[in-house]
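Visitor: I would like to learn how to read the features of this model. Please show it to me.
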Amino acid sequence: MFLDIAKIYIKAGNGGDGATSFHREKFVANGGPDGGDGGNGGSIIFVADKNLNTLIDFKYKVHYRAENGENGNKKRQAGKCGQDMIIKVPCGTLLKDIETDQIIADFFNDGEMKVVLPGGRGGKGNAKFVTSQRKAPSFSQKGEKTIEYHVKLELKTIADVGLVGFPNVGKSTLLSVLTSAKPKIANYHFTTLNPNLGVVNLYDNSFVIADIPGLIEGASEGLGLGHEFLRHIERVRLIVHLVDISEIEGRNAVEDYEKINSELANYSSKVAETPQIVVLNKTDLLYENKEEKIAEFEKAIGKKVFTISAITHDGTKELLDEIYNVLQTLPKLEPFETDYYEFEKPDENRYEITQLDDHTYEVQGGFIDKLARNVVLDDIDSFNYFQKVLREKGIIKELYRRGAVEGDTIYVSDIEFELID
């Protein structure tokens, strides 16, 4: 089963909490604090894999969470780091943010790897808070908590050449003739239900051809199957536009050509500008006025065309040589050029104050999230440290400037206290 769009949830592992512990051992006086640090959480890592060609695995599993770091332990034992979550995707997969639809990463080359979400940092044990003034800290640091994100995977086939045209014009047959691919072929519309790829080895060189299925008039607006596969033509360097010159299905060849080009232009101006080779197929079914009909078609579209019969292989060698020659003049395939989106990282120096009502204020921000990790409410040393930082940072002063008075309620993360001068 072919699947080229998937939506999943990803979350890096939380950092483990630091330990609060004191060395107590017979015959060892003043052992002191020995709480170890928590382990870092596992990261979310995406890797491109050339052996995959569909996103079907993401249909059955949508939540991907890396392992949390373990908590620290006594005797300065650090917690074990969480295991990374490795997510393999086909080459050509775009990773996008659901909310903005911006590209986070383009996994173009086999083995390409990106750490999309780093794991949360482990908290420090109380052994790390020892100072000349604070000999026995009875608090430790919490591990960093991570956020779950909703993302979209979008597969855009990586191929040098894209075969386009109305259903049943012979694209699959031509692909099987030019390459070793063996697509399903039958004499009815929409035989091909997903892009087929084939590799051509020619003159000590190779290139990839993709059969883009299902294009009909209105495909760019969601009609037929074509709208599901138009994205697969975005990367190709060359389009081979196949037209049924026999018109045995009652369609007009020139109108078919114009309609397909119109759909490509409606979908993307960049796709519309991709170089094209126009190919008239099924010439074996033209029993009379063959040359006149071909000449009329060329005059109508204003360009030279290639004529073939994919079923008898007539003209396919010349077409293959032309494809090869044109490709030599075109730039190599490259990942999309764009400003890649990154998930916003909290600014650990920033905070903001919001007045909830006449006597209630809330302080939020990256600085507050970091500070809250260092606070243990039932420990006097820890809470004193918390108040000291609020004053040193100027937060208490800013609260007074905003209109807060003694006795007002202040919320800082999950901590609630009364403002006392």
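Visitor: How many cavities of 30 Å³ or more does the count come to?
Guide: Rolling a probe the size of a water molecule over the atoms shows where empty space is left. Here the count comes to one cavity of 30 Å³ or more. A cavity is a set of points, on a 1 Å grid over the protein atoms alone, where a 1.4 Å probe fits but cannot get out. Points are joined across faces, edges and corners, and a volume is the space filled by probe spheres set on them. The model is predicted: local features need pLDDT of at least 70, side-chain atom pairs count only at pLDDT 80 or more, and totals for chains, interfaces and linings use all residues. Residues are numbered from 1 along each chain as its sequence is written, and side-chain values use heavy atoms, with hydrogens and water left out.

Visitor: Which residues line the largest cavity?
Guide: Lining residues have an atom within 4 Å of a point. The largest cavity holds about 30 Å³ of space. Its lining is Gly165, Phe166, Val169, His241, Leu242, Val243, Asp244, Asp256, Tyr257 and Ile260. β12 gives the most, with four. Helices (H or I, at least four residues) and strands (E, at least two) are DSSP runs, numbered from the N terminus. By class, the lining has six nonpolar, two polar and two charged residues. Ala, Val, Leu, Ile, Met, Phe, Trp, Tyr, Cys and Pro count as nonpolar, Asp, Glu, Lys and Arg as charged, and the others, Gly among them, as polar.

Visitor: In what order do the strands of the six-strand sheet run?
Guide: Strands of a sheet pair through backbone hydrogen bonds, either parallel or antiparallel. This open sheet runs β10-β11-β9-β12-β13-β14, with mixed pairing. β10 (196-202) and β14 (306-307) are the edges; each has a single partner strand, so one side of each lacks a neighbour in the sheet. Two strands pair if DSSP finds at least two bridges between them. β12 and β13 (residues 276-281) are parallel over six bridges. Leu242, also in the cavity lining, has Val279 of β13 as its bridge partner.

Visitor: Which strands does α3 lie across?
Guide: α3 lies across β9 (161-164), β12 and β13, at about 145° to β12. Helix α5 (residues 290-301) also packs on the sheet, touching β12, β13 and β14, and its direction makes about 150° with that of β13. Axes are lines fitted to C-alpha atoms, for helices over the stretch in contact; angles run from 0 to 180 degrees between N-to-C directions.

Visitor: At what angle do α2 and α6 cross?
Guide: Two packed helices are described by the angle between their axes and the distance between the axes. The axes of α2 (residues 171-178) and α6 (residues 316-328) cross at roughly 80° and come within 11 Å. The two helices are therefore roughly perpendicular, a label for 65 to 115 degrees (under 35 is roughly parallel, over 145 roughly antiparallel, the rest oblique). Leu174, Val177 and Leu178 of α2 meet Thr316, Leu319, Leu320 and Ile323 of α6. Contact means heavy atoms within 4.5 Å. Six of these residues are nonpolar, one is polar and none is charged.

Visitor: Which strands stand at the edges of the five-strand sheet?
Guide: That open, mixed sheet has the order β3-β1-β8-β5-β6. β3 (63-65) and β6 (103-107) stand at its edges. Neighbouring strands are turned by 25° against each other on average, direction ignored. β5 (residues 93-97) and β8 (residues 148-155) pair antiparallel over five bridges.

Definitions and conventions: On a 1 Å grid over the protein atoms alone, a cavity is a set of points where a 1.4 Å probe fits but cannot get out, and a pocket is an open set with protein on both sides within 12 Å along at least five of seven lines; lining residues have an atom within 4 Å of a point.
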